[in-house]
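Biologist: I would like to learn how to read the features of a structural model. Could we proceed feature by feature, with the general idea before the case?

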Amino acid sequence: ETQGRGRVDDVALPPWANGSADEFIRVNRQALESEHVSANIHHWIDLVFGFKQKGDAAAEATNTYYFLTYEGAVDMDAITDPVVKASMEAQIA
């Protein structure tokens, strides 16, 4: 059930969950609460939210993405060619 009380009934669970959502949650919770994750989560935070999102630090961490995935990378109002603008919008969407 979702936060909005909607039913979720078409989720494909991995084979190791044996068809059980409870088992899937248990194993993932166990992994997320492990010593390994506790000792390394700050690296993930740096990649996703921190200084390794862009620039040299991102490149060194192999954490770079196509430029259109970065918010504000393109001034859409400055694009005058309708074909170029439509292609940019299609890629961003």
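Biologist: Is Thr62 buried or exposed?

Modeller: This is a predicted model, and the values that follow are computed from it. Thr62 has a relative accessible area of 71%, which lies over the 50% cut-off, so the residue counts as exposed. Thr62 belongs to the loop between H3 and H4.

Biologist: What is the phi of Thr62?

Modeller: The general idea is that most residues other than glycine have a negative phi. Thr62 has a phi near 50°, a positive value in a residue that is not glycine. Arg5 also has a positive phi, near 70°, and is likewise not a glycine. Arg5 is located in the segment before H1, and with a relative accessibility of 64% it is classed as exposed.

Biologist: How should confidence be read, and in which helix is it lowest?

Modeller: Where pLDDT is low, the predicted coordinates should not be read in detail. Here the chain has a mean pLDDT of 90, with 99% of its residues at 70 or more. Confidence is lowest in helix H4 (residues 82-92), where the mean is 90, and highest in helix H1 (residues 21-32), where it is 96.

Biologist: What can be said of Glu89?

Modeller: Glu89 is part of helix H4. This glutamate is partly exposed, at 41% relative accessibility.

Biologist: How many salt bridges does a search of the whole structure find?

Modeller: In general, side chains of opposite charge can pair when their charged atoms come close. The search of the whole structure gives one salt bridge. Its partners are Glu23 and Arg26, whose closest N and O atoms are 2.9 Å apart. Both residues lie in helix H1, three residues apart, which is about one turn of the helix. Glu23 is partly exposed at 23% relative accessibility, and Arg26 is partly exposed at 43%.

Biologist: How many aromatic pairs does the structure hold, and how are their planes arranged?

Modeller: The structure holds three aromatic pairs. One of them joins Trp44 and Phe49, with ring centres 5.8 Å apart; the angle between the planes is 85°, over the 60 degrees cut-off, so this pair is edge-to-face. Trp44 is partly exposed at 46% relative accessibility, whereas Phe49 is exposed at 58%. Another pair, Tyr66 and Phe67, is tilted, with 4.8 Å from centre to centre and 55° between the planes. Phe67 has a relative accessible area of 39% and is partly exposed.

Note on methods:
Residues are numbered from 1 along each chain as its sequence is written. This is a predicted model: local features need pLDDT of at least 70, side-chain atom pairs count only at pLDDT 80 or more; totals for chains, interfaces and linings use all residues. Side-chain values use heavy atoms; hydrogens and water are left out. pLDDT is the predictor's confidence in each residue, from 0 to 100. Helices (H or I, at least four residues) and strands (E, at least two) are DSSP runs, numbered from the N terminus. A salt bridge is a side-chain nitrogen of Lys or Arg within 4 Å of a carboxyl oxygen of Asp or Glu. Buried means under 20% relative accessible area, exposed over 50%, partly exposed in between (1.4 Å probe, protein chains only). Rings of Phe, Tyr and Trp (its six-membered ring) pair if their centres lie within 6.5 Å; planes under 30 degrees apart count as stacked, over 60 as edge-to-face and the rest as tilted.
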